[in-house]
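Dear colleague,

I am passing on the structure we spoke about, together with notes on what turned up in it. Please read the notes with the coordinates open beside them.

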Amino acid sequence: MSSSGRSIALTSLVFLTALALVVAIVSVGGRPAAAANLTVTKTADTADGVCDADCSLREAIIAANASADADTITLPAGTYVRTIAGANEDLAATGDLDIAGGSASGGLTINGAGATTTIIDGGGLDRVFHVKSGGAVSISGVTIQNGSGGEGGGIYNVGTLTLTSSTVSGNTTPGNGGGIYNYSTLALTNSTVSGNSAPVSGGGIYN
């Protein structure tokens, strides 16, 4: 092989090696190419910033909010009580569970094991869920209870919210929407909204 041929071959080898290194770095340290399946492993309300083998519902939602993909959270049977106080914080670190998963990505999906066995309890500290503007979430197979928010005791929705085979019950607010305060897009299928209270209007749903 001529010296020019060896030079071309060496240049190609260096380029391919560098390309492989870039691919490896992106695979390990970059954003996952595919949507994540996050499994909650404990009922405790913790927020250490990581959803791994030790993952709370709050940690799973924080991880999903940081992702641009349409992630899915699997929520096994259990009672998940909110214990971290701090209303009016919008990053899900304290108080209610703020959902920012955008509709452009398909949004976030939360799958419970059934409304009678998977219970998300606000603990009377704040509302249970806040679906933020531009956010989208599909929730199925859960009960949402004991939330207490300024507007929307159980859920405050200014994004896109779909509830399937779920129950919203026993939530309160001093304003509107004891169960759900909806200011955007709401779809309920085979779901129950009952036993919620609001002194102004919309004991069940303020739409």
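This is a predicted model: local features need pLDDT of at least 70, side-chain atom pairs count only at pLDDT 80 or more; totals for chains, interfaces and linings use all residues.

In general, strands of a sheet pair through backbone hydrogen bonds, in either a parallel or an antiparallel arrangement.

A further sheet is open and has five strands, in the order β4-β7-β10-β13-β16, with parallel pairing. Its edges are formed by β4 and β16 (205–206), each of which has a single partner strand, so that one side of each is left without a neighbour in the sheet. Inside this sheet, β10 (residues 155–157) and β13 (residues 180–182) pair in the parallel sense over three bridges, with Asn-157 standing opposite Asn-182 of β13.

Helix α2 lies across β4 and β7 and runs at about 20 degrees to β4. Its buried residues are Leu-57, Arg-58, Glu-59, Ala-60, Ile-61 and Ala-64, and what covers them includes β1 (37–39), β2, β4, β5, β6 (118–121) and β7.

Which residues touch the most other members of the largest nonpolar core? In this core of 28 residues, they are Ile-61, Ile-73, Ile-110 and Phe-129. At least two core residues come from each of α2, β2, β4 (97–99), β5 (108–112), β7 (129–131), β8 (136–140) and β11 (160–164), and α2 gives the most, with four residues. Leaving aside residues up to four places away in sequence, Ile-61 touches Ile-73, Ala-92, Leu-97, Asp-98, Ile-99, Ile-110 and Phe-129. As a general matter, nonpolar side chains tend to be buried together in soluble globular proteins.

Ile-144, in strand β9 (residues 143–145), is buried, with a relative accessible area of 0%. Again not counting residues up to four places away in sequence, Ile-144 touches Ile-120, Val-128, Phe-129, Gly-154, Ile-155, Leu-163, Thr-167, Val-168, Ser-169 and Asn-171. Between Ile-144 and Ala-115 there are 8.6 Å in space, C-alpha to C-alpha, for a separation of 29 residues in sequence.

A search of the whole structure finds one disulfide, formed by Cys-51 and Cys-55 with their sulfur atoms 2.1 Å apart. The torsion about the S-S bond is about -100 degrees, so the disulfide is left-handed.

A polar atom of the side chain of Ser-67 lies 3.0 Å from the backbone nitrogen of Asp-69.

Finally, two backbone torsions may deserve a look on your screen. Most residues other than glycine have a negative phi. Asn-146, in the loop between β9 and β10, has a phi near 55 degrees, a positive value in a residue other than glycine, and at 33% relative accessibility Asn-146 counts as partly exposed. Asn-190, in the loop between β14 (185–189) and β15 (192–194), has a phi near 50 degrees, which is likewise positive in a residue other than glycine. With a relative accessibility of 64%, Asn-190 counts as exposed.

With best regards

Conventions:
Residues are numbered from 1 along each chain as its sequence is written. Side-chain values use heavy atoms; hydrogens and water are left out. A polar contact is a pair of N or O atoms within 3.5 Å; within protein, one must be able to donate a hydrogen and the other to accept it, and residues adjacent in sequence count only if both atoms are side-chain atoms. A nonpolar core is a set of buried Ala, Val, Leu, Ile, Met, Phe, Trp, Tyr and Cys residues joined through side-chain atoms within 4.5 Å. Buried means under 20% relative accessible area, exposed over 50%, partly exposed in between (1.4 Å probe, protein chains only). Contact means heavy atoms within 4.5 Å. A disulfide is a pair of cysteine sulfur atoms within 2.5 Å. Two strands pair if DSSP finds at least two bridges between them. Axes are lines fitted to C-alpha atoms, for helices over the stretch in contact, and angles run from 0 to 180 degrees between N-to-C directions.
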